[in-house]
2 protein chains.
Amino acid sequence: MGLRERKKQATREALQEAALRLAMEHGPANVRVDDIAEAAGVSPRTYNNYFSSREEAIVAAVTTERESRIAGAVTRKPPGTPLADAVRDALVEQYTDPGEHRREALLLITTDPALRSAFLNSPAALEHPLAEAIAERLGTTDTQTARVLAAGVAAAVRIALETWIHPRTDGLVVVSGSLPDLLRTALAPLAPALSAAENQTPEGR
Amino acid sequence: MGLRERKKQATREALQEAALRLAMEHGPANVRVDDIAEAAGVSPRTYNNYFSSREEAIVAAVTTERESRIAGAVTRKPPGTPLADAVRDALVEQYTDPGEHRREALLLITTDPALRSAFLNSPAALEHPLAEAIAERLGTTDTQTARVLAAGVAAAVRIALETWIHPRTDGLVVVSGSLPDLLRTALAPLAPALSAAENQTPEGR
DNA sequence: CACTATTTTTGCGTGCACGCAAGTTTGCGT
DNA sequence: ACGCAAACTTGCGTGCACGCAAAAATAGTG
């Protein structure tokens, strides 16, 4: 990886880190993008070359790393594992709480409306990498099916996060509980679609 | 319906219509929200009480009516129709080209990047009404499953619109063709999930 | 009709997103 | 080492989104 890309990566991380730190120190409402840019040592205009909203950098600090690992985790599941299981397990793994410093950040995020909204959009970033991982496991060149399945999964994840953040009484049951459980529940309805796709293109073709 | 709600509806439609007309006349880039507001006879600030971006009103003029009919169309399918078929047919019906004046508008929308992007987000508005329609057909009080399925369908529709707007070579096949065909293709992978959900909660329970 | 409560509209102020063009850095071939 | 081309950064200008609080419109009640 050349100097160019390393620098870009460094800038991106500096912005994320600065954004999160400042938001935790002064509260999300009291952080202007100029502050973030200054703390990261770049111009305000450059901030918007990396992130297209003030909230994005803060949320990215919490979600980016996790999301980048999910597709990898799916690919890494032992061959022969049913696709639905591979996806479910990969997601549950990666969304299992990693530590304390992230938890404070999440509390901050779920407090502020704009941040919440940006947070709930974050699973959209799963679509492309996940679609590739699924296509690979299906061993097909038909990208379209993989894209639809990945988008469905991303949507399910988003819904799991939604009900995790503001729980609701659903029918007669109160839905709340650990995020892993909510993920499993949200993914369950899609499992038949994942299975069907992989039976459509059997191993030995 | 009281005077209040009728007026709100009228304002909303006036804004949509004005936005679309002005965009067609002067080109999307040369329409400021102040112009739209003035043409609709409200203050600029009021525009943003109805739409949260300049593009939204333009796109809404083309998509809103259609979307509001889809959930109804699903509900209206004869009882006994498999859920997957009901959803597919309802979508195909409603997305079948209605006429000429809309076609020009669509050309306009697909030309401008910001409008394209807003247009591709429009299926998100399907989620809530569609989730209710699906829940009703499933005859279940478990909203969660219906929400996930509806979100999956909305995502599939979005992907159909994406590949319709900028077609791609996918594997060895060039994907292009009529929107109805693209919709069928995009929905196909989800059909097993819809079927499984309705077999989970059989009629006579 | 008169009075009050609720909802909607409006103006203002502030910070933000982004196109553009000029300036700066990096990569690479010679 | 030089110099050119491509990529990245920056400043500027413009229009936009939205919180807030005051004013206007509407609904409901006696």
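1. Let's start at the DNA. The residues that make up the surface near DNA strand C divide into 3 nonpolar, 8 polar and 9 charged. Keep in mind as you look around that this is a predicted model.

2. DNA strand D is surrounded by 20 residues, with A:S43, A:T46, B:L3, B:S52 and B:S53 the closest. The elements giving two or more residues here are α1 (3-26) and α3 (44-50) of chain A, along with α1 (3-26), α2 (33-40) and α3 (44-50) of chain B. By class, the surface near DNA strand D has 3 nonpolar, 8 polar and 9 charged residues.

3. How are the two protein chains related? Chain B superposes on chain A by a rotation of 180 degrees, with 0.0 Å of shift along the axis and an RMSD of 0.0 Å. That is the relation of a two-fold axis. Both copies use the same surface, too: 100% of the contact residues of chain B recur in chain A.

4. On to the place where the chains meet. Here 25 residues of chain B are in contact with 25 residues of chain A. On the chain B side, the elements that give two or more residues are α9 (143-165), α10 (179-187) and α11 (191-200). The largest share, 11 residues, comes from α9(B). Sorted by class, this side of chain B has 15 nonpolar, 7 polar and 3 charged residues.

5. Helix α9 of chain A covers residues 143-165, which is 23 residues, and reaches 33 Å from its first C-alpha to its last, close to the 33 Å expected at 1.5 Å a residue. Is α9(A) mostly covered or mostly open? Mostly covered: 21 of its 23 residues are buried.

6. Next, the domains. The assignment for chain A gives domain 1 (1-62) and domain 2 (65-205), and the C-alpha centres of these two domains of chain A lie 26 Å apart. Their contact takes 10 residues from domain 1 of chain A and 12 residues from domain 2 of chain A. On the domain 1 side, α1 and α4 (54-76) of chain A are the elements that give two or more residues. The largest share of that side, 5 residues, comes from α4(A). By class, the domain 1 side divides into 7 nonpolar, 1 polar and 2 charged.

7. Last stop, helix α5 of chain B (residues 83-95). Which residues of α5(B) are buried? They are B:L83, B:A84, B:A86, B:V87, B:R88, B:A90, B:L91 and B:Y95. An α-helix has 3.6 residues a turn, so residues three or four places apart point the same way. What covers the buried residues of α5(B) includes α4 (54-76), α8 (127-138), α9, α10 and α11 of chain B.

How values were computed: Residues numbered from 1 in each chain as written. Chains lettered and ligands numbered in written order. Predicted model: local features only at pLDDT ≥ 70, side-chain atom pairs only at ≥ 80, totals over all residues. Helix = DSSP H or I, 4+ residues; strand = E, 2+ residues; numbered from the N terminus. Expected span 1.5 Å × (residues − 1). Buried ≥ 20, exposed ≤ 12 C-beta atoms within 10 Å, placed from the backbone. Contact = placed C-beta atoms within 7 Å. Nonpolar A, V, L, I, M, F, W, Y, C, P; charged D, E, K, R; others polar. Near = placed C-beta within 6 Å. Domains from an automatic or database assignment. Least-squares fit on C-alpha atoms with pLDDT ≥ 70 in both.
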